[in-house]
Structure formats: structure tokens, C-alpha cells
Amino acid sequence: MTSTDPTPHGPAPSGSGKKPRTPRADAQRNRDKLVRVAGAAFAAADGTVSLEGIARDAGVGIGTLYRHFPTREALVEAVYAAELDDVAASAPALLRELPPDAALRAWIERYAAFIATKRGMADTLRAGWASGRIATPATRERITAAIATILAAGAEAGAGSDPEAGALRADVEPDDVTVMLLGIFLAGAAAHTSAQTGRLIDLVMDALRPPPR
């Protein structure tokens, strides 16, 4: 019997093996720009950040923002993931450009910027993690792994022919450094001035360098 299905060439059912379409280049650019602009807005915010303001600053309509990020939680999750990826991946790149101690100082400043971005979206993150609407990332593990990479490079430099060439102590637990930095950036963050934060980072760096021989 001849089929009377009026749409024999309609969409393939799920599981047909067809790959999902990749986003158009302009759509991907809009998404990336929204994430960048939102990250800057969250870092500078003292209170709730307006999604309309983010869309306006990104040069798109609010409808475009909602097509990419249907909820505030979705946007916050994307910003947080992008910032975490950036700070975690920056350690090897900095080591290619700088001696280990200078790389660590530059990385700590990048980590400070990541913490600043979190402040403007902390309430949304906490609520999203608690409810399960936002996936809980392995943030501390990834931050500690980045610190371990730089400390290992510093210990290796100290074991070479020039122990003063950016050497870092070999007897430091990376997670201890994570805890020290969290103490600086989170405990009483509102009271810290940028000058005070810089002095505290200097103290951490002094503690991580080997004593003079």
C-alpha cells in the first residue's frame, strides 16, 4: 500500500546519526561577546547586574541574550566556566614567557581577577549550586593544579645551575597556597584596598621563595 505520509522527507528522528548543527559564526561571536561583557559587569558590580544592560553593552538585543542564555543562571554558569578555564589554563602559558616566580605572581593576579568576577554573581552561583540548576565545577582542584604546575617549575629551576633564576621552594604543598590566596581574596574582601592586596601577595611570594644560600 502506498504511504500517504505528507512529509516523507521531514526531520530525521533522534538517533539517526546526523550531527547537530554548529552555531553560525555570527551567533558564536554574539555569545562570546555576551560572556565577555557579562564577566566585566559582574566583576564591577556592587549589586544585581541588569541583563538588559549586559545586552546593551554587548551591542545586541535582549532577545539575543535570552536565545543564548534562557536564564540568569545559564549566563552566570557560562561566565564562570569561561573564567575558570582561562585562569586554569594560563599557568603553562605564563611559564613559557616568564621565570617561575614571575609567572606565579602574574598568575596570582589573574586569579584575583577571577575572584573579583565571582563577587558579582556569588548569590546566583550559590543558589544554582544548591538547587542543582548550575553544575558544581571542580574549582579548587583546578586552581590547585595550576599552582602545582608553577611550583614544580620553580623547584626545577632552583635545582639547576642557576638557583636564583626564578626558583621557588620545593617543600610547599600547592593546596596550602590555595588556602592562603583564598584568605587574601575572600576574607574581608570589601575592606581590602588594591594596595593592601598587593602587599599581601608580596608576602605570599616572599614565603614561597627559597631562603638565600
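# A walk through an all-helix fold

Glu83 is buried, and so is Arg110, where buried means under 20% relative accessible area, exposed means over 50%, and partly exposed covers what lies in between (1.4 Å probe, protein chains only). This is a predicted model, in which local features need pLDDT of at least 70 and side-chain atom pairs count only at pLDDT 80 or more, while totals for chains, interfaces and linings use all residues. Residues are numbered from 1 along each chain as its sequence is written, and side-chain values use heavy atoms, with hydrogens and water left out.

The side chains of Glu83 and Arg110 form a salt bridge at 2.9 Å, N to O; the term asks for a side-chain nitrogen of Lys or Arg within 4 Å of a carboxyl oxygen of Asp or Glu. Glu83 sits in helix α4 and Arg110 in helix α5, so this pair links distant parts of the chain, 27 residues apart. Asp86 joins Glu83 and Arg110 in a network of salt bridges. Side chains of opposite charge can pair when their charged atoms come close.

Now for the overall plan. The protein has 9 helices and 0 strands, with helices (H or I, at least four residues) and strands (E, at least two) taken as DSSP runs numbered from the N terminus. Along the sequence, the pattern reads α-α-α-α-α-α-α-α-α. Of the 213 residues, 35% count as buried. The accessible surface comes to about 12,700 Å², and 55% of that belongs to carbon and sulfur atoms; these areas come from the Shrake-Rupley method with a 1.4 Å probe, and for residues only the protein chains shown count as cover. Taking contact to mean heavy atoms within 4.5 Å, 69% of the contacts between residues at least 6 apart in sequence join residues at least 24 apart.

A nonpolar core is a set of buried Ala, Val, Leu, Ile, Met, Phe, Trp, Tyr and Cys residues joined through side-chain atoms within 4.5 Å. The largest one here has 48 residues, and those touching the most other members are Ile54, Trp107, Tyr111, Leu181 and Phe185. Helices α1, α2, α4, α5, α7 (139-158), α8 (174-186) and α9 (194-208) each supply at least two residues of this core, and the largest share, 9 residues, comes from α4. Leaving aside residues up to four places away in sequence, Leu181 touches Trp107, Ile108, Tyr111, Ile147 and Val204.

Ile54 brings us to helix α2 (residues 51-58), whose buried residues are Leu51, Gly53, Ile54, Ala55 and Ala58. These buried residues pack against α1 (25-44), α3 (62-68) and α4. At the start of α2, a side-chain oxygen of Ser50 reaches to within 3.2 Å of the backbone nitrogen of Glu52. After α2 comes Gly59, with a positive phi near 80°.

Several core residues also take part in ring pairing. Rings of Phe, Tyr and Trp (its six-membered ring) pair if their centres lie within 6.5 Å, with planes under 30 degrees apart counted as stacked, over 60 as edge-to-face and the rest as tilted. By this rule there are 5 aromatic pairs. In one of them, the ring centres of Tyr80 and Trp129 are 5.6 Å apart and the planes stand at 80°, so the pair is edge-to-face. Because Tyr80 lies in helix α4 (residues 72-97) and Trp129 in helix α6 (residues 122-131), the pair ties together parts that are 49 residues apart in sequence. Tyr80 is buried at 4% relative accessibility, whereas Trp129 is partly exposed at 26%.

The rings of Tyr111 and Phe114 are stacked, because their centres are 6.2 Å apart and their planes lie at 20°. Tyr111 and Phe114 are 3 residues apart in helix α5 (residues 100-119), about one helical turn, and both are buried. Ring pairs link Tyr80, Trp107, Tyr111, Phe114, Trp129 and Phe185 into a cluster.

Finally, back to charges: a search of the whole structure finds 11 salt bridges. Glu73 and Arg133 form one of them, at 3.4 Å, N to O. Glu73 lies in helix α4 and Arg133 in the loop between α6 and α7, so the pair ties together parts that are 60 residues apart in sequence. Arg133 is exposed, with a relative accessible area of 52%. Asp202 and Arg105 form another salt bridge, at 2.4 Å, N to O. With Asp202 in helix α9 and Arg105 in helix α5, this pair ties together parts that are 97 residues apart in sequence. Asp202 is partly exposed at 36% relative accessible area, and Arg105 is partly exposed at 23%.

Note on methods. A polar contact is a pair of N or O atoms within 3.5 Å; within protein, one must be able to donate a hydrogen and the other to accept it, and residues adjacent in sequence count only if both atoms are side-chain atoms.
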